[in-house]
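Student: I have a chain open on my screen and would like to learn how to read it. Could you walk me through its features one at a time?

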Amino acid sequence: MEEFRRSYSRLCRESGAEPQEAVLQQLHQLPRGRLDLATQSLTVETCRALGKLLPREMLCTELVLSDCMLSEEGATLLLRGLCANTMLRFLDLKGNNLRAAGAEALGKLLQQNKSIQSLTLEWNSLGTWDDAFATFCGGLAANGTLQQLDLRNNQISHKGAEELALALKGNTTLQQLDLRWNNVGLLGGRALMNCLPSNRTLWRLDLAGNNIPGDVLRAVEQAMGHSQDRLTTFKENQARTHVLSKEVQHLREEKSKQFLDLMETIDKQREEMAKSSRASAARVGQLQEALNERHSIINALKAKLQMTEAALALSEQKAQDLGELLATAEQEQLSLSQRQAKELKLEQQEAAERESKLLRDLSAANEKNLLLQNQVEELERKVRCQQEQLFQTRQELTSTSAELKMRAIQAEERLDMEKRRCRQSLEDSESLRIKEVEHMTRHLEESERAMQERVQRLEAARLSLEEELGRVKAAALSERGQAEEELIKAKNQAHLEERQRLAHLEDKLRLLAQARDEAQGACLQQRQAVAEAQTRASQLGLQVESLRRRLEELQQELSLKDQERVAEVSRVRVELQEQNGRLQAELAAQEALREKVAALERQLKVMASDHREALLDRESENASLREKLRLREAEIARIRDEEAQRASFLQNAVLAYVQGSPVRTLSPPK
């Protein structure tokens, strides 16, 4: 209030007037939330300052301006300022002689203000101007917050009462209306009585001292009694609905709590499942690490296989060198055949002379040829032995490759079975394992293909050697034919050439024996490498078996956990079903309550219809009673007229008697 007082002083000085001391004292002494300026004669400047301050005042809820002798201008300024106020609840304007301008300002206030609930206008003159009071009534009809209105001693006529009746038909919030000590009359009372059935909120209407007949007052009292009964029933229904809404809200809160508890249990179960999945993931990671170690071992085996392949490549290079040596031998044979042809041409003349010598030499050559054939057969046997050894190595390689394939297939089948049994969380790891196994199988197949290619190459080298041996045999046969034909001419040269050839063939046989020994050594090395690979493969098979057992154990643990989870889920489902049953029972109870409420509403409707019928009956009774009262009033008026005539006759007689009496000078005048 101190700030309000300072603002009031400042506005008064700005308008060129001094603030009223009485108003300042009242503002200094007033309690919080209440502005009481009763019995203070407020000037126009004070009203203007208050009209500027009241729209911004957010603490004042009650304003008392009774008996302040407000002028029309001051009241208009004050009420215009109150139009924008949103905190004021009670306004008292008693005894301010408000007239036309005040009534219009009050109408605008009621139209614009949305917070005033009680308005006291006792001892004013609002009803003296019908147009201004009609404006006030229009504002009252448009108002939606006013609950109590005091219009005592406002000179309201029957026309003003009719305007008030129209306003009450449109108003939906006014509960108490005081119209005592006005000039409403019979017509105004009937207008107010006729508007009451259309108004459902007004439960108190005071019409004493308005020259209204008693039957109208009784009808108004009956209507107010009915409205009070209706208000009490409405309040009871509202209280019941409030209690029911509280019960429903309580039930909803309990349901929400139960649902939250269920959600918490489900979250806990989910956390436990997540923990178990994390533990299984850790175990799978350990298994993956073990598999990675096995992969490293397999890579080492692959490196050893590459070493064996390099050794095979060296053996192939040696076979190629042997082929080159055979090619050089063939070239030498061709050169020797050319030389022999030349020598035969030169020695044809000497052939006859040397026939005898050649015949003897033929026997020797035949013996030597037999020896050579024996040597060739021995070489063929050796070659066959080498072929058998190569065939055995090839069979061993095929058996090892088949075993590896079978183990790889078995590993793939086991991995597939484990992949099917494991859950979806392990599918990625299983796919990675399958890919790695496929990669291993591909590497093994590639190595097998490389070994087969090498074996084929060795077989091709063997075939080339056999062809070379066949060519050597054919050359020997051709040489023998030529020797038989040219025995006479080239006896000595044949001996020399045969010796050279034997020496050369012995060298070739020695080289072939060395190559065979080297090939046998390489085959032994390959066998050793294959044996090592088989041992490693057996070790890997054991490790795979151990891993498979571990996976089976993990699967058993997962199955146990799944069973526990299923049991927990079934328990939660049973609890949910029980809770659903309880909720359905509660819903049935709520539906029963709703049915009860509907039955009560139907009873209320029946009671309202009965009440309306009773009101109509009473109105008809009231109409008949009014007619009787009208007849009685007419009789009473006639009797009054007769009594007035009699009284006038008596008065005239008494006056005549008094005037005619001798003591009239002593009697006081009447």
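**Reading the chain, feature by feature**

Student: Let's begin with contacts. How many of the contacts between residues at least 6 apart in sequence join residues at least 24 apart?

Tutor: Happy to start there, with the reminder that this is a predicted model. Of the chain's contacts between residues at least 6 apart in sequence, 85% join residues at least 24 apart.

Student: And which secondary structure elements does the chain have, helices and strands?

Tutor: The chain has 12 helices and seven strands. One of the helices, H12, covers residues 491–660.

Student: Can we take one residue as a case? Is Gly74 buried or exposed?

Tutor: Gly74 is buried, because its relative accessible area is 0%, and buried means under 20%. Its place is in helix H4, which spans residues 72–82.

Student: Now charges. How many positive and negative side chains are there?

Tutor: Count each set, then see where the two centres fall. The chain has 99 positive and 107 negative side chains, and the centres of these sets lie 5 Å apart.

Student: How many salt bridges does the count come to?

Tutor: The rule asks for a side-chain nitrogen of Lys or Arg within 4 Å of a carboxyl oxygen of Asp or Glu. By that rule the count is 18 salt bridges.

Student: Which parts does the pair Arg34 and Glu62 tie together?

Tutor: First the pair itself: the side chains of Arg34 and Glu62 meet in a salt bridge, 3.3 Å from N to O. Arg34 lies in strand E1 (residues 34–36) and Glu62 in strand E2 (residues 62–64), so the bridge ties together parts that are 28 residues apart in sequence. Arg34 counts as partly exposed at 28% relative accessibility, and Glu62 is also partly exposed, at 26%.

Student: Where do Glu553 and Arg550 lie?

Tutor: Both are in helix H12, three residues apart, about one turn of the helix. Glu553 is partly exposed at 39%, as is Arg550 at 33%.

Student: How far apart are the closest N and O atoms of Arg571 and Glu568?

Tutor: In that salt bridge they are 1.8 Å apart. Arg571 and Glu568 are three residues apart in helix H12, so about one helical turn separates them. Arg571 is partly exposed, with 38% relative accessibility, and Glu568 is partly exposed with 25%.

Student: Which residues are linked in a network of salt bridges?

Tutor: Look for Lys94, Glu122, Asp150, Arg152, Asp178 and Arg180, which are linked in one such network.

Key. Residues numbered from 1 in each chain as written. Predicted model: local features only at pLDDT ≥ 70, side-chain atom pairs only at ≥ 80, totals over all residues. Heavy atoms only, no water. Helix = DSSP H or I, 4+ residues; strand = E, 2+ residues; numbered from the N terminus. Contact = heavy atoms within 4.5 Å. Lys, Arg positive; Asp, Glu negative; His and termini not counted. Charge placed at Lys NZ, Arg CZ, Asp CG, Glu CD. Buried < 20%, exposed > 50% of the residue type's maximum accessible area, 1.4 Å probe, protein only.
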